[in-house]
Every structure is written in C-alpha cells, then in structure tokens.
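Q: Please take a close look at one position in the structure shown below. Then set that position against the rest of the chain.

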Amino acid sequence: MNGLSLSGGGTKVAALAGAAITLLKEYKYKPDKITGVSAGSILAVPLAMGLYLETEYLAKSFTMNDVFGISPVRKNGKLSIRAILRAIAGKESLGTQTALIDTIKKLITPYRFEQYINGNYPDCYLCAVEYKTGQRRFFNVKHASYSEYIEIVLASSSVPVFVESVKMEGGYWYDGGVRDHIASHWLLEEFTLKNHFSIYSRPEDYNLTKGDWQPKNIMSVLSRTMEIMNTEISKNDELREDVFAIRKDTTNTKIFMPAILADGMYQATPALLQEWYEIGVKTTRKKLEI
C-alpha cells in the first residue's frame with residue numbers, strides 16, 4: 001500500500017494543494033490511504049477522488065468569506081469588532097466557521113460523496129480532538145454519512161479560540177492540529193506501507209526566531225503562540241514519522257514548503273494564494289525532479 005499525509009496550515013492550504021496535485025497528477029502517485037489534519041482535512045477527499053481542477057480553484061480563491069460566518073479578524077490581521085464583542089459577552093469563540101460548510105458542500109456534493117463511498121478511492125482519515133477527554137481520533141470518512149463527513153472536516157479545521165467547536169458524539173471537537181500538525185506517524189504506525197509521502201506547510205528549517213516580533217495586540221500574541229506550539233508539535237510529528245518509516249521499512253519522502261510563505265493563520269489575498277499554490281507546485285517538482 002501507498003500512503004499520503006497532508007498537514008495543517010490555515011490558508012497555506014493553497015501551497016498544500018499545489019504540492020499534492022503535482023504529486024498525484026504529474027508524478028502519478030497513487031495512495032491507498034490518506035490522512036488530513038485541519039487544512040489537510042479539507043483537501044483529503046477531493047484529492048482522493050481526483051478532483052484536481054476543482055481543488056485548485058478552491059485553493060486559489062479561498063477567502064475569509066469561504067470560512068467564517070463571523071470573522072475573528074480583519075484584513076489587517078487585528079481582531080474584528082464582532083470578535084471583541086463576542087469575547088466581552090463570554091462567547092466560546094471570537095468567530096464562527098459556518099461559511100466553511102457551504103464551501104465544503106460545493107466541492108463535495110452528496111452525489112460526489114456517494115461516489116466516493118462506493119468507488120475505488122483511497123480511505124481518508126481525518127484527525128480531530130475532543131476537549132472533554134483530550135482524545136485524538138482519526139475518522140475514516142469512508143464509514144461516515146455525508147452529514148458526518150461535513151462535521152468531521154469542520155471539527156478538524158476548528159481552531160480553538162478563533163472559532164467554535166463542533167458538537168458531535170456527545171463531545172466538543174476541535175482542530176486536529178491541537179495534537180498533530182500532520183498524521184503521518186499515525187498512518188505509518190497503523191498500516192504497513194511500501195511508500196509514503198508527507199506534505200508539510202512549514203519549512204524544513206524550522207527556526208522560530210523573529211527578532212522584530214512585538215506584542216502589538218491580542219491577535220499578534222495569539223497568532224505567535226499558535227505558531228510556536230504548532231512548530232514544536234510538527235517537529236515531534238516528524239520525528240515519530242521517521243521512527244515508524246524506518247521500523248516499517250517504508251520508503252518515506254517529505255515535502256516542505258519554503259519559509260517565504262507569509263505569516264498568519266488566516267492571511268489570504270488572491271495574489272498570495274496564487275503565489276502559494278505555485279510555490280507548492282515548484283517545490284514538489286524540484287523535490288521529485290519532474
């Protein structure tokens with residue numbers, strides 16, 4: 001069997017999409033198992049079904065309006081007025097992620113999901129975390145209903161504090177990135193794979209030093225906290241990935257995005273998304289010498 005793992009990365013989903021589509025379409029890599037965390041969970045099923053044009057369009061046109069019902073941030077990266085009011089009112093989150101439901105439904109319709117369930121497509125395992133127990137779970141969406149699939153993608157993408165949790169199975173589910181930036185180590189441990197590719201939204205050189213950083217506002221501190229935590233989680237994921245690849249004698253290839261991608265979990269403009277997508281394409285071509 002072959003495996004593919006897609007990391008989280010917020011709006012860097014454009015770079016992840018460019019890299020994955022290049023791997024699958026140009027390199028003709030055929031995974032049997034796919035894992036997705038957060039942004040990677042949005043891409044998993046569309047990529048498994050070979051919906052490359054649709055996925056490319058989504059990745060290049062992704063905006064705040066495709067994610068949020070109530071945006072926690074403004075275009076300048078600062079907290080929105082509504083986010084501040086929600087914080088004062090004691091709400092669970094600074095914003096809501098209801099618009100992502102329609103975005104997912106446009107890409108994977110009920111008919112397409114039925115095709116996925118009944119077709120010869122890779123199993124997709126999407127990671128989310130339940131906050132009552134701290135449990136990390138990998139949902140095989142081949143065994144889910146359409147409504148459950150939507151909930152699982154939302155849960156895997158729901159960054160705590162920024163957006164609300166997803167209520168399902170009697171629990172409160174949030175972003176899989178709370179515990180795993182990428183689920184490659186789980187996939188390698190769980191299955192015996194001949195080949196495996198992992199696509200990281202972060203650079204291989206994970207130097208966190210930012211000499212010019214300042215605590216300008218709550219948002220800058222929160223974003224920096226998430227950046228530091230996610231990088232350290234990702235480093236640990238990569239280490240475990242290496243261990244299981246060696247232990248299982250799996251040919252393992254890691255693709256990292258360069259550090260030139262802009263900072264900020266929810267930074268996105270059409271120009272940036274186009275640039276990030278092309279970075280994903282070029283990085284993968286260079287890695288695989290296409």
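A: **A close look**

G280 has a relative accessibility of 0% and therefore counts as buried (buried is under 20% relative accessible area, exposed is over 50%, and partly exposed is in between, with a 1.4 Å probe and protein chains only). The model is predicted: local features need pLDDT of at least 70, side-chain atom pairs count only at pLDDT 80 or more, and totals for chains, interfaces and linings use all residues. Residues are numbered from 1 along each chain as its sequence is written, and side-chain values use heavy atoms, with hydrogens and water left out.

G280 sits in helix α10, residues 270-288. Helices are DSSP runs of H or I with at least four residues, strands are runs of E with at least two, and both are numbered from the N terminus. Setting aside residues up to four places away in sequence, G280 touches A15, G18, A19 and M257, where contact means heavy atoms within 4.5 Å. V13 is 267 residues from G280 in sequence, yet the two C-alpha atoms are 9.7 Å apart in space.

Next, the nonpolar cores. A nonpolar core is a set of buried Ala, Val, Leu, Ile, Met, Phe, Trp, Tyr and Cys residues joined through side-chain atoms within 4.5 Å. The largest such core has 71 residues, and the members that touch the most others are L4, I108, Y149 and I199. Helix α1 (residues 13-26) supplies the largest share of this core, 10 residues. A separate second core has 12 residues, among them V37, A183, L193 and A245. Beyond four places in sequence, the contacts of L4 include L23, L24, Y29 and P31.

Another buried position is S38, with a relative accessible area of 9%. S38 lies in the loop between β2 (33-37) and α2 (39-48). Its contacts outside four places in sequence are G8, S156, S157 and D175.

Then the charged pairs. There are 16 salt bridges in the structure, each a side-chain nitrogen of Lys or Arg within 4 Å of a carboxyl oxygen of Asp or Glu. One of them joins R112 to E54, with the closest N and O atoms 3.0 Å apart. R112 is in helix α6 (residues 110-118) and E54 in helix α3 (residues 52-61), so this pair links parts of the chain that are 58 residues apart. E54 counts as partly exposed because its relative accessibility is 30%.

E238 and R202 form another salt bridge, at 2.7 Å from N to O. E238 belongs to helix α9 (residues 218-247), while R202 is in the loop between β7 (195-200) and α9, so the bridge ties together parts that are 36 residues apart in sequence. Both E238 and R202 are buried.

K254 is paired with D242, again with closest N and O atoms 2.7 Å apart. K254 is buried at 18% relative accessible area, whereas D242 is partly exposed at 26%. Elsewhere, R136, D180, D237 and R240 are linked in a network of salt bridges.

What is the count of disulfides? With a disulfide taken as a pair of cysteine sulfur atoms within 2.5 Å, the count comes to 0. C124 is in no disulfide, and the nearest cysteine sulfur, in C127, is 14 Å away. That distance of 14 Å is too far for a bond. C124 is buried, at 0% relative accessibility, and C127 is buried at 0% relative accessible area.

Last, the chain as a whole. The protein has 10 helices and 8 strands. Its radius of gyration is 18 Å, close to the 19 Å that the globule rule gives for 290 residues, so the protein is as compact as a globular protein of that length. The radius is taken over C-alpha atoms, and the rule is 2.2 Å times the number of residues to the power 0.38. The C-alpha trace spans about 50 × 45 × 35 Å along its principal axes. Of the 290 residues, 54% count as buried. Among contacts with a separation of 6 or more, 75% are between residues 24 or more positions apart.
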